[in-house]
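Here are some friendly notes to read alongside the model. Please keep the 3D view open and look up each residue as you go.

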Amino acid sequence: MLETIRTDAARTQFAADALASLRGEDRLEDDRASRRVADNLRLLTERLAPRRRVVHAGDIVFAAGDRFDTLYVLTSGCFKLVNLAADGREQVVSLKFRGDWLGFDGIARGAYSCDAVAMDTGDVWVIRYDTLLGACFRCPELLTVLHAAMSREIGRDRDSLMSVCTLPADARVAEFLRHWAQSLAQRGLRSDQITLRMTRAEIGNYLGMTLETVSRALSKLARDKVIDFAEKGRRDIRIPNVQALSTFVQRCLSPVPTLQ
């Protein structure tokens, strides 16, 4: 009996140590990402001296069909990229945070393929594409930053598509919140309490779910103590432990044991 208790205690301690190690690795990765964003913004300032534009919620930086000649770098706030679906409804296709670039979709066709809409007050840097290319010839490090930004966007779009297509509804919402919190942490911003700049309907639109399903999923996350709503308004969400969101997703994916 005593040996069993010791074994269980050892397993519990091992699991706790493993979780602490994972959290430590996550923090190191977030710190590295935050430093990378800061370094990239500093390089852009030194080499390009980009023009600053202040935006407010609802402002459109560019619209689908506009002639492409400019890229934008988000230095604060958050954006959504919006397409029109076949039935005429708006479809949120991507979310952008500090350090992200806007406008890559316009390079191939010479025109932007979606709307870039601010979800809160923020700053964007305005960079003419021809000026950027000229600067890249003179500064290879700047070209590396540009290619890395393109690569990250491709990777995020792929991961987002896979999540929408494969995860159950509750897990989809949990993964959405985890991604939002992680994006903030990787940019040196507070991630334990976030303000959702999207309505439940917009979140559902982005995740391919109904408003009601999103609301039920958020309520379940709150009941399971994975998140907590602020007293005033249900857009302010506290996330005590981002790792708990990942654990919730894994639990949703694990098969439920059947009784024999």
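**Notes on the predicted model**

1. Lys80 and Glu202 join their side chains in a salt bridge, with N and O 2.3 Å apart; the term means a side-chain nitrogen of Lys or Arg within 4 Å of a carboxyl oxygen of Asp or Glu. This pair links distant parts of the chain, since Lys80 sits in strand S4 (residues 79-84) and Glu202 in helix H5 (residues 200-207), 122 residues apart. Helices (H or I, at least four residues) and strands (E, at least two) are DSSP runs, numbered from the N terminus. Lys80 has a relative accessible area of 10%, so it counts as buried, the word for under 20%, while exposed is over 50% and partly exposed is in between (1.4 Å probe, protein chains only).

2. A word on where the values come from. This is a predicted model, in which local features need pLDDT of at least 70 and side-chain atom pairs count only at pLDDT 80 or more, while totals for chains, interfaces and linings use all residues. Residues are numbered from 1 along each chain as its sequence is written, and side-chain values use heavy atoms, with hydrogens and water left out.

3. Where does Arg187 find its salt-bridge partner? The partner is Asp100, and the closest N and O atoms are 2.9 Å apart. Here too the pair links distant parts of the chain: Arg187 is in the loop between helix H4 (169-185) and strand S9 (193-195), and Asp100 is in the loop between strand S5 (90-96) and strand S6 (101-102), 87 residues apart. Both Arg187 and Asp100 are buried.

4. Now look inside helix H4. Arg178 and Glu175 both belong to this helix and are 3 residues apart, about one turn. An α-helix has 3.6 residues a turn, so residues three or four places apart point the same way. The two side chains meet in a salt bridge of 2.6 Å, N to O. Arg178 is buried at 16% relative accessibility, and Glu175 is buried at 17%.

5. How many salt bridges does a search of the whole structure find? The total is 14. Some of the residues involved form a network: Arg67, Asp69, Arg128 and Asp130 are linked by salt bridges.

6. Next come the rings. The whole structure holds 8 aromatic pairs, where rings of Phe, Tyr and Trp (its six-membered ring) pair if their centres lie within 6.5 Å, and planes under 30 degrees apart count as stacked, over 60 as edge-to-face and the rest as tilted. Phe97 and Trp180 make an edge-to-face pair, 5.3 Å centre to centre with 75 degrees between the planes. Phe97 lies in the loop between S5 and S6 and Trp180 in helix H4, so this pair links distant parts of the chain, 83 residues apart. Phe97 and Trp180 are both buried.

7. Please find Tyr112, in the loop between S6 and strand S7 (115-118). Ring pairs join Tyr112 to a cluster with Phe62, Phe68, Tyr72 and Tyr129. Tyr112 is buried, with a relative accessible area of 2%. A polar atom of the Tyr112 side chain lies 2.5 Å from the backbone oxygen of Thr70. Tyr112 and Asp66 are 46 residues apart in sequence but 5.6 Å apart in space, C-alpha to C-alpha.

8. Two residues deserve a look at their backbone. Most residues other than glycine have a negative phi, and most peptide bonds are trans. Ala49 has a positive phi, near 45 degrees, and lies in the loop between helix H1 (2-48) and strand S1 (51-55). Lys225 also has a positive phi, about 65 degrees, and is found in the loop between helix H6 (211-223) and strand S10 (228-229). Are these residues buried or exposed? Ala49 is exposed at 60% relative accessibility, and Lys225 is exposed at 69%.

9. Finally, step back to the whole chain. The secondary structure comes to 7 helices and 11 strands. Of the 260 residues in the chain, 40% are buried.

Note on methods:
A polar contact is a pair of N or O atoms within 3.5 Å; within protein, one must be able to donate a hydrogen and the other to accept it, and residues adjacent in sequence count only if both atoms are side-chain atoms.
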